Amino acid sequence: MNFKISSFANRTEIFGFLVLAVLIVVILPLALDIFRLNLIGKYLTYAFVAIGLVLCWGAGGILSLGQGVFFGLGGYCMAMFLKLEASTPEATKIQSTPGIPDFMDWNQLTELPWFWEPFHSFPLTLVAILVVPTVFAYILGVAMFKRRVGGVYFAIITQAIAAILTILIIGQQGYTGGVNGITDLRTLMGWDIRTESAQYTLYFVNAFLLFVVLLVAQYVRKSKLGRLLVAMREKEDRVRFSGYSVANFKIFVFCLGAAFSAIGGAMFTLQVGFMSPSFVGIVPSIEMVIFTAVGGRLSILGAVWGALIINQAKTLLSEAFPELWLLAMGGLFIAVVMAFPNGLAGLYTTYVEPRLPKFLSGNGGKDADDDSDADVPLASKQAAE
Amino acid sequence: MVRKIEDKSGLLSSLRRKLILGMAALPVMAMSPLAAVASDANTTGLAVTDDEVTVGILHSVTGTMAISETGSVQAEKLAIEQINAMGGVLGRKIKYIQEDGASDWPTFAEKSKKLLVNDKVAAVFGCWTSASRKAVLPVFEQYNGMLYYPTFYEGLEQSPNVIYTGQEATQQILAGIDWVVKEKGAKSFFLLGSDYIWPRTSNKIARKHIEKLGLKVVGEEYYPLGHTQFNSVINKIRLKKPDVIYAIVVGGSNVAFYKQLKAAGIDLTKDNVTLLTISVTEDEIRGIGGENIEGAYAAMKYFQSLDNENNKAFVSAFKEMWGDDIVIGDVTQAAYLGPWLWKAAVEKAGSFDIDKVRAASPGIELTTAPEGYVRIHENHHLWSKTRIGLAKKDGQYDVLYETEELMEPNPFPEGYQ
């Protein structure tokens, strides 16, 4: 192996990973009952999207307001497989056409549409979960980055795509389940996903995948590609004049973010038990940007914390104040963004880290110092000066 | 005055709930040891003590559906208050935990799970849209809860864990079409609706029924939820000159549809065209404006203007609790039935156990319902009468007709699929 741990992650980062791992894998499962733990599992699926956003937006400066599209595509692929499994001819004998999903029967379809056929097979489904959103992101990326569409225009186009896909899904209800979504999912290859033991298993599978994704994201951040992304964010033209193909790097990181989101979407479907267009549209896509912003868009760990804390706050506030909670959430967002533009992660590096014992702080090597400097976007550096 | 008291208790209960929440964060379940008092009334660990029983209210009080669902929340709270004033259920006062579905189907699923698993409620009164019901259904079936669902809906469902207190599609549709054929001599129909499962299924049933009667459907059109441009369909209607416009437009789109209809010179108060709807209650008329929909006919089971003693008492109690300017629509009344039907079933069963309540439910009758007499069918829907109302300028309906017999609920109608 020709890379050293220190070039992969500095001490603070390793410490951060460990804290998160202990929390997710040990503390939460011991402290919470299965209902709350299942909710945490659901929040962590949003963290997949948030990590993708840290790479695209925080590092690469590509703000996508349509990550819900990829989350939704991944989730729908999984839901289609589960729905077909739940729609055996015996289970659906009450319908006019047994053996097809119930919503198709309500919409007078009499046979399974061709694009549902591959989802009879679990391996094909797994491939589709990763490939469909990635290919879609690739097409979008090529169409836009090759033409040097960026910044606000890119954000608007991704948002429009989220809106278009929602309308498409709702409009084609015979093929997609419409506004109800794909509901009543029961088993995964004969394994009942609604039991408590299944929910524990899914939680740990989800946690494992999350750390895999975190490590991939960390690797990208520390690689030459990661540095190029930061360089592109700060001065795109200079990178281009240095002979790099800016578009290809952007396309790659956008596809990577899409694939992360899709994994999150598939795990979401498994843990929540259904998928609906309300995770595809503009509102969830923007919410995911908010998780990232609150957690800190420069920090992949911050993104996970952001998704966890915001969603936990949402659940607790709405339970305590069913009629006022939205106002409280709005206030929280405004407060965080106004007071800490770099989110919770920024708060941590500014206030908490200096007080930590020396061996835990990030100044283990000169490398780390350079790095944290490079991570602060130009605008906030200027503001600091 | 009453409202003020209500607010205060809301605040108190939210404080109390915060305390419970704090405890729920620890693995200690505060409820279960208390609830596990051995008695016939509760053998399955529900949140029932010797003097209190906890139920859940699960509607959207934020988001786009809040306007529609608020009436149901108010009706359920009124029913619970009245039941408590009469001494409660099996000698226990009803305490409710209200959760917000936030017009978001996954949130409904999450909150229903919380109510059943954490709070161990004995029944849930809630949901409004079909999508939210579909989202919570697997949760109720898995954890064996009981849901009282108030909205008129498309049928095609019959869960052992749901009591449907609104009408299913055939109850609303068949009587309405029969009436308009008999009274107005209608021969041709134009079907129109918002594009989702309820209007589509309803129009499928309507079309089959119209064709069975040997009459003609001259058009069928759907528009997305929230659509506001109805000019093209209005032109088609003018071209085809149907005797009846059969409209199942939902929510905010109604405002645009009826205003544009009027602006296009289709005057519903004239005799040459009849508009029959199954989706506009008094609640929607507030948005549409009485002057825009005056002369339209609606087929449903309840109107605020129903002239009977039960209804008069209900309307005045409702206004006393929630203010004089409130209107009460079909779904609000159906939501009001939920707690009463549950109480009757619990008392018949002598127990809060879900299985016993389910077994006791078929045949439960309510003579005090504002809509008159209702009875729970074997299939968990209600036997109820269907009525025809004529919309007036002041936003109320004149009840012109009611079916003589109770309509049998038939969620899986043979020959209409």
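Biologist: Is B:Leu116 buried or exposed, and why?
Modeller: In this predicted model, B:Leu116 counts as buried because 25 C-beta neighbours lie inside 10 Å. The cut-off for buried is 20 or more.

Biologist: Where does B:Leu116 sit?
Modeller: B:Leu116 belongs to helix H4 of chain B.

Biologist: What is B:Leu116 in contact with, leaving aside neighbours within four places in sequence?
Modeller: B:Val121, B:Val139, B:Tyr143 and B:Gly145.

Biologist: Switching to the interface. How many residues of chain B are in contact with chain A?
Modeller: There are 36 from chain B, in contact with 33 residues of chain A.

Biologist: Which elements of chain B supply at least two residues each?
Modeller: Helices H1 (2-25), H4 (105-118), H5 (130-142) and H7 (197-212), along with strand S2 (93-100). H4(B) gives the most, with eight residues.

Biologist: What classes of residue are on that side of chain B?
Modeller: The side of chain B that touches chain A has 17 nonpolar, 11 charged and eight polar residues.

Biologist: Different topic. How do strands S14 and S15 of chain B pair, parallel or antiparallel?
Modeller: Antiparallel, over five bridges; S14 covers residues 387-391 and S15 covers residues 397-402.

Methods. Residues are numbered from 1 along each chain as its sequence is written. Chains are lettered from A and ligands numbered from 1 in the order in which they are written. This is a predicted model: local features need pLDDT of at least 70, side-chain atom pairs count only at pLDDT 80 or more; totals for chains, interfaces and linings use all residues. Two strands pair if DSSP finds at least two bridges between them. Helices (H or I, at least four residues) and strands (E, at least two) are DSSP runs, numbered from the N terminus. Two residues are in contact if their C-beta atoms, placed from the backbone, lie within 7 Å. Ala, Val, Leu, Ile, Met, Phe, Trp, Tyr, Cys and Pro count as nonpolar, Asp, Glu, Lys and Arg as charged, and the others, Gly among them, as polar. A residue is buried if 20 or more other C-beta atoms lie within 10 Å of its own, exposed if 12 or fewer, and partly exposed in between; C-beta atoms are placed from the backbone.
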